[in-house]
Amino acid sequence: TVTEAFRGWAPHGREASFARTAQPQPPGRETVEMADKLNLDVRMGHAVPLRRDSADFLALFAGVFVLGGNFSARLMQTVRDEQGLTYGVGARLAGPAVEHDMDLRVSISLSQENLERGIAATREQIERWAGGITAEELERAKTTLAGQHVVGLATTGGLAARLLVYAERGFGPGYLDRYPEEIRALTVDEVNAAIARYVQPDALHVVAAGTAA
């Protein structure tokens, strides 16, 4: 039983804790060797001093969606469709919460022969995106994000799940109606200002896991 298996463990002595403020690490690159894994998983990212209840969250969230939120995002359109370097690439704000800061996270799967070119191409797109998005890109993102929200409320399970997530993040039931309106109200200037304020392409840390060539 579980009780028997853990009987000899000593008490930890203190409560578990986590850092509430982002702890930026210097940019760099690491390779985690894994045998017989010729397709490598690559992660790029850096800490972002932003929380879910911050005024800039939705602006940066929409901006990151333009970069890598779906199949029409910049990374998929360029690194995947135009250059053919990967089957999958995306970007997101990871760990959004009101208790601690989050991070920008870019994910891409690359073969051995495409590893360096894929990383370079992804970096190039991140740098271009950090210079600003277009009004057309933002309109597409707003339509998609607001639509995803509404579709997610179509079932009782989806409605309950969304209510729970918002409650955990300090928002009341009324946020179900406010969220799509706040998304639609975003302007390209707000989004580009948030990207410029929080994203640092030169600060990206890169980790590749797999069998390196």
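This is a predicted model: local features need pLDDT of at least 70, side-chain atom pairs count only at pLDDT 80 or more; totals for chains, interfaces and linings use all residues.

User: In what order do the strands of the open sheet lie?
Analyst: The sheet is open and is built from 5 strands with mixed pairing. Neighbouring strands are turned by 20° against each other on average, direction ignored. Read across the sheet, the order is E1-E5-E2-E4-E3.

User: Which strands stand at the edges of the sheet?
Analyst: An edge strand has a single partner strand, so one of its sides is left without a neighbour in the sheet. That applies to residues 28-33 and to residues 89-94. The strands are E1 and E3.

User: Which residue in E5 stands opposite methionine 44?
Analyst: Strand E2 covers residues 39-48 and strand E5 covers residues 205-210. The two run antiparallel and are joined by 5 bridges. Opposite methionine 44 stands valine 206.

User: Which strands does helix H2 touch, and what angle does its direction make with that of E3?
Analyst: Helix H2, residues 57-68, packs on the sheet and touches E2, E3 and E4. Helix H3, residues 74-82, lies across E3 and E4 and runs at about 150° to E3. For H2, the angle with E3 is about 170°.

User: Is glycine 68 buried or exposed?
Analyst: Glycine 68 is found in helix H2. Leaving aside neighbours within four places in sequence, glycine 68 is in contact with Ala73, Leu75, Gly90 and Ala91. Its relative accessibility is 9%, and the cut-off for burial is under 20%, so glycine 68 counts as buried.

User: What is the relative accessible area of glutamine 125?
Analyst: Glutamine 125 is found in helix H4, residues 115-130. Not counting residues up to four places away in sequence, glutamine 125 touches Leu67, Leu75, Thr78 and Val79. Glutamine 125 is buried, with a relative accessible area of 6%.

User: How do H2 and H5 lie to each other, roughly parallel or roughly perpendicular?
Analyst: The axes of H2 and helix H5, residues 135-152, come within 9 Å. Phe61, Ala62, Phe65 and Val66 in H2 meet residues of H5, among them Leu138, Ala141 and Leu145. The axes cross at roughly 105°. That makes H2 and H5 roughly perpendicular.

User: Which residues in H7 meet H5?
Analyst: H5 and helix H7, residues 175-184, pack at an angle of about 170° with their axes 9 Å apart. That makes H5 roughly antiparallel to H7. On the H5 side the contacts involve Lys142, Leu145, Ala146 and His149. On the H7 side they involve Leu176, Tyr179, Pro180, Ile183 and Arg184.

User: Which residues touch the most other members of the largest nonpolar core?
Analyst: This core holds 51 residues, and its largest share, 9 residues, comes from H2. Leaving aside neighbours within four places in sequence, valine 42 is in contact with residues including Val106, Ile108, Leu110, Leu115, Ile119 and Val206. The members that touch the most others are Val42, Leu60, Trp129 and Ile195.

Key: Residues are numbered from 1 along each chain as its sequence is written. Side-chain values use heavy atoms; hydrogens and water are left out. Two strands pair if DSSP finds at least two bridges between them. Helices (H or I, at least four residues) and strands (E, at least two) are DSSP runs, numbered from the N terminus. Axes are lines fitted to C-alpha atoms, for helices over the stretch in contact, and angles run from 0 to 180 degrees between N-to-C directions. Contact means heavy atoms within 4.5 Å. A nonpolar core is a set of buried Ala, Val, Leu, Ile, Met, Phe, Trp, Tyr and Cys residues joined through side-chain atoms within 4.5 Å. Buried means under 20% relative accessible area, exposed over 50%, partly exposed in between (1.4 Å probe, protein chains only). Angles under 35 degrees count as roughly parallel, over 145 as roughly antiparallel, 65 to 115 as roughly perpendicular and the rest as oblique.
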